[in-house]
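Have the sequence and the 3D view open as you read.

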Amino acid sequence: MTALDDLAVERLQRVLREPDLEGTGYRLVGLLGRGGMGSVYEVEESALQRRLALKILDLPGEDAEQRLRREAEVLATLEHPGVVPIHAVGTLVDGRTFYAMKRVVGTRLDAASVRTLTLAERLRIFLKLAETVAFAHARGIVHRDLKPQNVMLGPFGEVLVLDWGLAKRVGVREGPAGHGVTGQPGDTAPGAALGTPGYMAPEQAAGAPGADDPRADVYSLGALLQFLLRGAGSGEDLPAPLGAIAARAMAQAPGDRYPEVAALAADVERHLAGEAVSVLPEGPWRWTVRQARRHRVALALLLTYAVVRVLLFLVRRT
Amino acid sequence: MTRVVTALVVGALLGSLDGLTAWFTPEVRPMLAGIVVGSTIKGLIAGLLIGFFARKVNRMGPTLVFGTIVGALLALVIALMQHGHYLEILLPGTLVGVLTGYATMRYGRAPAPAPAPLARPSGAS
């Protein structure tokens, strides 16, 4: 087969893969990305002449359809600036389920250059993320797949939590899909996958009862905090209070973790404000160092004043 | 504490401390009480001016510049009244102004933002 034939075959395959949006009111613009369960396309809504994103199942199937519809319901429940708003849910002519959501522009956290951001900027990203997750918990929804790939940073400081495909309403029994992990870190597949190694709580990985507890998200947030502070693959040491916060959030036993996301966020806020964190006992030395750091400018000015006074006194004496 | 109160407290405190340092100059030691009172009043005046400026401007940079100018000018007035000790009065006095400006912005409570005007429904008279 010649190179030209290969190109022709590839084009044909691409056309065949493209969804038929007839009767939906949307016009296909292009492919935005593929996930474990389906693909996301950029479309134009004919009635309002606006660009949206359409998540479409790759193959029709009861389990996947249930999961996609559940994700759509979760998104509809969570009206929050940190969650992509959903506009509609429906079925294509070929029987595949889809939902339409806002087309978000930004960079995924795993692809963003977090190492160029200051520590305070990284912590503020974390706090926005934690606020969204806390909001979901308050609505009885546990995300269960928090990881850098599922966080989008917008150009105006927005922090969006994506992919609520594995989210679960607390107290609702899991559907026919089982539990397990995907083979590739960062990959979330349908059915078998209910988490991502490295970001998934131990009880989630073990499929233990109570794996849908909000404290599973607290664990993942601890792992995300570490990611934000260290950047991918770096061996840089965390500041002691932040290390203690991440360690508490990522405790093996759920009971040893922060009881809720708000408590974790409060400790990060305390650290940002130069206050003591709840998980790190503070002796006199650490207290002194923290206060000196917190009031360093005032101390430097007072020291300058004292030095000037001493110098003037010495000059006068000589 | 509000910006004005913080500036007054810091100004008075630093002013009195600044005055007390006169104890290290033996020839003015007999006038220490007067110097401390005068210096405290100077600190209070500087604090009042810096506090109102900080409340109005609400920015660290301009407040530091204003504190420096106020501290230096008030110290200059004192030095002119003393007919001497220019360096000993001007330099620390200016630093007291800088410190008061910084402490006011760093530790004083920012004024509450003004409430946004209510939108009037279209067509309402």
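Strand β8 (residues 151–153) of chain A and β9(A) are joined by 3 bridges and run antiparallel. Keep in mind that this is a predicted model. To see one of those links, look at A:Val151: its bridge partner in β9(A) is A:Val161.

The open sheet here has 3 strands, in the order β6-β8-β9 (chain A), with antiparallel pairing. Which strands stand at the edges? They are β6 (107–108) and β9 (159–161) of chain A; each has a single partner strand, so one side of each has no neighbour in the sheet.

The sheet also has a helix packed on it: α3(A) touches β8 and β9 of chain A. The direction of α3(A) makes about 40 degrees with that of β9(A).

## One residue on that helix

Let's pick A:Ile125, which sits in helix α3 (residues 119–138) of chain A. Is A:Ile125 buried or exposed? A residue counts as buried when 20 or more other C-beta atoms lie within 10 Å of its own. A:Ile125 has 20 C-beta neighbours inside 10 Å, so it counts as buried.

Who does A:Ile125 touch, if we skip its neighbours within four places in sequence? The contacts are A:Leu153, A:Val159 and A:Leu228.

## Two helices crossing in chain B

Over in chain B, helix α2 (residues 32–57) and helix α4 (residues 86–107) have axes that come within 10 Å and cross at roughly 40 degrees. The two helices, α2(B) and α4(B), are therefore oblique to each other. Their crossing is right-handed.

On the α2(B) side, the contact is made by B:Gly43, B:Ala46, B:Gly47, B:Ile50, B:Gly51 and B:Ala54. From α4(B) come B:Val96, B:Gly97, B:Thr100, B:Gly101, B:Thr104 and B:Met105.

## Where the chains meet

Chain B has 13 residues in contact with 11 residues of chain A.

| Contact | Nonpolar | Polar | Charged |
|---|---|---|---|
| α2(B) with α4(B) | 5 residues | 7 residues | no residues |

Key: Residues numbered from 1 in each chain as written. Chains lettered and ligands numbered in written order. Predicted model: local features only at pLDDT ≥ 70, side-chain atom pairs only at ≥ 80, totals over all residues. Helix = DSSP H or I, 4+ residues; strand = E, 2+ residues; numbered from the N terminus. Buried ≥ 20, exposed ≤ 12 C-beta atoms within 10 Å, placed from the backbone. Contact = placed C-beta atoms within 7 Å. Axes fitted to C-alpha atoms, helices over the stretch in contact; angles between N-to-C directions. Parallel < 35°, antiparallel > 145°, perpendicular 65-115°, else oblique. Left-handed = near helix turned anticlockwise from the far one by under 90°. Nonpolar A, V, L, I, M, F, W, Y, C, P; charged D, E, K, R; others polar. Pairing = 2+ DSSP bridges.
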